Amino acid sequence: MSINEQHTTMNLLCNWCHGTWLLHSNDGPVGDIITDSRKVNGPENALFVALKTKVRDGHTFIADAYEKGIRNFLVSQEMDVHAYGAANFILVKDTLQALQQIAEVYRKRFEIPVIGITGSNGKTIIKEWLYQLLSPDHNMVRSPKSYNSQIGVPMSVWLLEPQHEVAVFEAGISQPGEMERLERMIKPTIGIFTNVGEAHDEGFLNKRQKINEKLLLFRHAKQLVYCKDYHELNECVSQYLHQARTFGNELPLQLFSWSHRMESDLRIMQLQSENGKTSIEALYRNETVSIIIPFTDPASVENAIHCWCVMILMGIGTEQIKERMLQLHAVSMRLELKHGINGCTVINDTYNSDLTSLRIALDFLDQQQQHIQHTVILSDIQHGMATDTDLYVEVTELLQQHNIKRFIGIGPALYKNKAAFRNNKRLRSVFFKSTEDFLKKFHLITFEHEAILLKGSREFSFEKISILLEQEIHQSVLTVDLSALSHNVDVFRSYLEPGVKTMAIVKAYSYGHGSYEIANQLQYSGVDYLAVAYTDEGVALRKMGITMPIMVMSPDMGSFDRMIAWKLEPEIYNMRSYKAFTAIAEMLNVKDYPIHIKLDTGMHRLGFMQNETAALKRQLTSNPHIKIATIFSHLAASEDGQHDAYTREQAELFRQMSDDIISALPYKPLRHICNSAGIVRHKDLHFDMVRLGIGLYGVDSSSAMQGQLKQIGTLKTIIAQIKTLHEGQTVGYSRRGVIKGDMRIATICIGYADGYPRALGNGKAHVLIHGKPAKVIGAVAMDMCMVDVTDIPDAKEGDEAIVFSPDLPLEQLAEWSGTISYEIMTGISQRVKRVYTQDQ
């Protein structure tokens, strides 16, 4: 039982947030705070907070949360609570404000060092590195993921428990007024201001206003770490120090500065990078001190120096700092989802192992409904509990809550505490003392058609297990960011009025990005409908566990019986398809089967013409076998301002035709006409539902969204070979690439059979290697092409080459090859493996 459950009750929370009771059944303890009804694991003592955001109203999910066992609710609107027996409902004016008030009071229970981090970049890396550096000596708690927002910070503070000795929390803002609220919850004793960049500039008058707003996080802090080399930050900090007493500080804020260029507490004197490591030499109190970190990029150097300063402030010895810094490892910001051996799906999270990140990973595992069996492979866990037994009893409870069928524990602590797992009779468990022991027995363990969570601390080298579990992959990989996909859904939702539904287009292998994985994320994100092109696509999704409504846009009339068998809904676009489907429905004795009527309002592709609707109406009035779910049409040029008059004509015709059809029905179907561009450019045409197509995948075909979307795909390959060629030599087929002077030419493992168009050859395009452009030289071949790396001296064989990414967008490749983004995306070959990532 957590400290929250032991000492925090609903009566206390009601007092803390100044709420009133809508329903008060008991004064039970409160453990978890939940804002997402999809992530309910231990509902008995959980509190569901019904938050209202631009895209969702949490009150609409109260019934779902109650059905899953939650009995404590924080709401901001009057409601009929009589249907919720034995429950508690606290009514407040604003649930977000109430959640923050609860966190603010709860934070006051703890008198421990709290490190608060803000700045434009590096917050999460510094937080995770501080955890790596300090946790061997201190029982620590830290923000999960990038929980640094108005919602994320109170959820982070709620994780504090009495055994914790140090806390590390992030704070991020996007407009004035936000930091003051975050400061009241975090109340840092040590502050870090990472740097000043352009992120969220649009929310402030100027950069100085943004800096001063962020500095409010430290109004009651004792110490602040920052870099003097950011000129405006340095000036603002100096001014802030003079005003510290105005902010209520009894003692002035103690500054701890570092700099490459000027006098500071830690003066950086020399940087030297080689063999993947950087040696950093500095002056501290007139003595030379140094560290070595296993990174060479400037951002990592800056992040490490901030951590160095904090360790000095906390009194950690020089030798211990040097030892720990050398052991720093890269922070994985995302879970990776990959296709595994024998039809398995592998979730790779092999960088850390603690209870908080385990909960996050198990939530993601829950989403993989394509497999009935879920297996967890776990290493010993870092923890601060009184005993290992307490920890692993809690892990066992988590596995039970998530309905895990098989557990493989690796490490001496897990091996010693295997009895805690074997008490759960429904869990098959096996234990190994080390990763090496597991690898020796790997061939004796069967993995087949299951979802596998691979989660371990870095010292257990679980990447060796990952190699055995993952399907052999092509050297070119398309990485798909599922978090960016959800972000894009929410961006489009922000344009919609409440009640307008969303249909997501996942035809053509989700525009080349994948089938089930994309559909599953959209189902999880609460999209109302999916749309595929052909019956086989829909059947494949059903077989993998997609349960939401699916419209088939180009149904083969010979597959109508299969559509009914798999609960797929056909697009009906003429009388021939209408009569054919009705005949099958009648033969199968189906009643009120949902169909979708397509109207041709000017696209002139598929759809009923206006002169055909009268015959359709006559058929509809006497057909018990079908029910129209939606009536829709397709805008021909919604993205193009010069055709807006034509779009208006289409919309008016759509209204007339759909009104005419609806007049013959005893019910009202949904109507939709807007695609991605139409959602943004024609807000008065949203009707009852909108269709999300290419915009889902991060391409703004209307150029009207000002960078709000995130490209979800990154296509990478590797350098197979590098050679130096000389004046007059040629490269590739037909000798089209001619060498001028001495040139370093890299052969990369992607060609037109992978979907890289031949039109991009002969200098028209480039890839990115070490962040620098490398032009394609000569013709693109079937399996590879060559690029010029003469000006990238550190490029070497085996290095990564970025074909497209958010930094080299799809639109640019499309422009170079004289086509559209759709064609580039859908042209990526199936032999290019897809890897899916999810932010932690």
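Guide: Let's start with element names: helices (H or I, at least four residues) and strands (E, at least two) are DSSP runs, numbered from the N terminus. This is a predicted model, where local features need pLDDT of at least 70, side-chain atom pairs count only at pLDDT 80 or more, and totals for chains, interfaces and linings use all residues. Residues are numbered from 1 along each chain as its sequence is written, and side-chain values use heavy atoms, with hydrogens and water left out.

Visitor: How many cavities of 30 Å³ or more are there?

Guide: Rolling a probe the size of a water molecule over the atoms shows where empty space is left. On a 1 Å grid over the protein atoms alone, a cavity is a set of points where a 1.4 Å probe fits but cannot get out; a pocket is an open set with protein on both sides within 12 Å along at least five of seven lines; lining residues have an atom within 4 Å of a point. Points are joined across faces, edges and corners, and a volume is the space filled by probe spheres set on them. Here the count is two cavities of 30 Å³ or more.

Visitor: Which residues line the second largest cavity?

Guide: That cavity has a volume of about 40 Å³, and its lining consists of L337, F364, Q367, Q368, L482, E517, N520 and Q521. Helix α20 (residues 516–524) supplies the largest share, three residues. For classes, Ala, Val, Leu, Ile, Met, Phe, Trp, Tyr, Cys and Pro count as nonpolar, Asp, Glu, Lys and Arg as charged, and the others, Gly among them, as polar. That gives three nonpolar, four polar and one charged.

Visitor: And what lines the second largest pocket?

Guide: This pocket holds about 640 Å³ of space. It has 28 lining residues, with K507, Y511, R605, H634 and Y822 nearest its centre. α19 gives the most, three residues. By class, the lining has 15 nonpolar, seven polar and six charged residues.

Visitor: What is the strand order in the open sheet?

Guide: Two strands pair if DSSP finds at least two bridges between them. The nine strands run β7-β8-β6-β9-β10-β11-β12-β13-β14, with mixed pairing. At the edges sit β7 (140–142) and β14 (287–293), each pairing on one side only.

Visitor: How do β6 and β9 run, parallel or antiparallel?

Guide: Strands β6 (residues 114–118) and β9 (residues 190–193) are parallel, joined by four bridges. I117 has I192 in β9 as its bridge partner.
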